[in-house]
Amino acid sequence: MAEAGPLPPAAVPGGSPGAGSRRTGGGSEGSGPPELPAGDRRELLEEVEMQIGDAAFSLAKILEATSAVSAQVEELATKCSENARFLRTWRDLLREGYESLKPSG
């Protein structure tokens, strides 16, 4: 399974995360991050799309594994309930047997 890491700071428009909140003294108040050339934007978009695809694949595998584990947990819960019922029945039978052996006083 491929691990998709975060984009390196150079690939994120505006530099590192949080760079948009930092201002340097030379810019105008309304200016945003510098425009990337069309080729760089396309490469960045393709990289993000690939990471989204990898994340979707990973999430699908996690959902599949979670569903399998969920079914096993339900089966185990059923077996535990049956065992508990069996043990309660034995406890009641032993209690009745013990009570019947007590001398009447």
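Guide: Let's start in helix H1, where Phe86 and Trp90 sit four residues apart, about one turn of the helix. Helices here (H or I, at least four residues) are DSSP runs, numbered from the N terminus. Keep in mind that this is a predicted model, where local features need pLDDT of at least 70, side-chain atom pairs count only at pLDDT 80 or more, and totals for chains, interfaces and linings use all residues. Residues are numbered from 1 along each chain as its sequence is written, and side-chain values use heavy atoms, with hydrogens and water left out.

Visitor: What makes Phe86 and Trp90 an edge-to-face pair?

Guide: The structure holds one aromatic pair. Its ring centres, in Phe86 and Trp90, are 6.4 Å apart and the planes meet at 70°. Rings of Phe, Tyr and Trp (its six-membered ring) pair if their centres lie within 6.5 Å, with planes under 30 degrees apart called stacked, over 60 edge-to-face and the rest tilted. So 70° makes this one edge-to-face.

Visitor: Why is Trp90 called partly exposed?

Guide: Its relative accessible area is 43%. Buried means under 20%, exposed over 50%, and partly exposed in between (1.4 Å probe, protein chains only). Trp90 therefore counts as partly exposed.

Visitor: How do you know that Glu35 and Arg41 form a salt bridge?

Guide: Their closest N and O atoms are 3.2 Å apart. A salt bridge needs a side-chain nitrogen of Lys or Arg within 4 Å of a carboxyl oxygen of Asp or Glu, so the pair passes. Glu35 is exposed because its relative accessibility is 68%, while Arg41, at 41%, is partly exposed.

Visitor: How many salt bridges does the whole structure have?

Guide: A search finds four. Among them is Glu75 with Lys79, whose closest N and O atoms are 3.5 Å apart. Both lie in helix H1 (residues 38-101), four residues apart, about one turn of the helix. Glu75 is partly exposed at 47%, and Lys79 is partly exposed at 45%.

Visitor: What makes Asp92 and Arg91 a salt bridge?

Guide: Their side chains meet at 3.2 Å, N to O, so they are inside the limit of 4 Å. Asp92 is partly exposed at 32%, and Arg91 is partly exposed at 42%.

Visitor: Which residues form the negative surface patch?

Guide: Asp40, Glu43, Glu46 and Glu49. Patch residues have over 30% relative accessible area and no salt bridge, and like charges are joined within 9 Å. Asp and Glu count as negative.

Conventions
Helices (H or I, at least four residues) and strands (E, at least two) are DSSP runs, numbered from the N terminus. Patches are made of residues with over 30% relative accessible area and no salt bridge: like charges are joined within 9 Å, nonpolar side chains (Val, Leu, Ile, Met, Phe, Trp, Tyr) within 5 Å. Accessible areas come from the Shrake-Rupley method with a 1.4 Å probe; for residues, only the protein chains shown count as cover. The place of a charge is taken as NZ of Lys, CZ of Arg, CG of Asp or CD of Glu.
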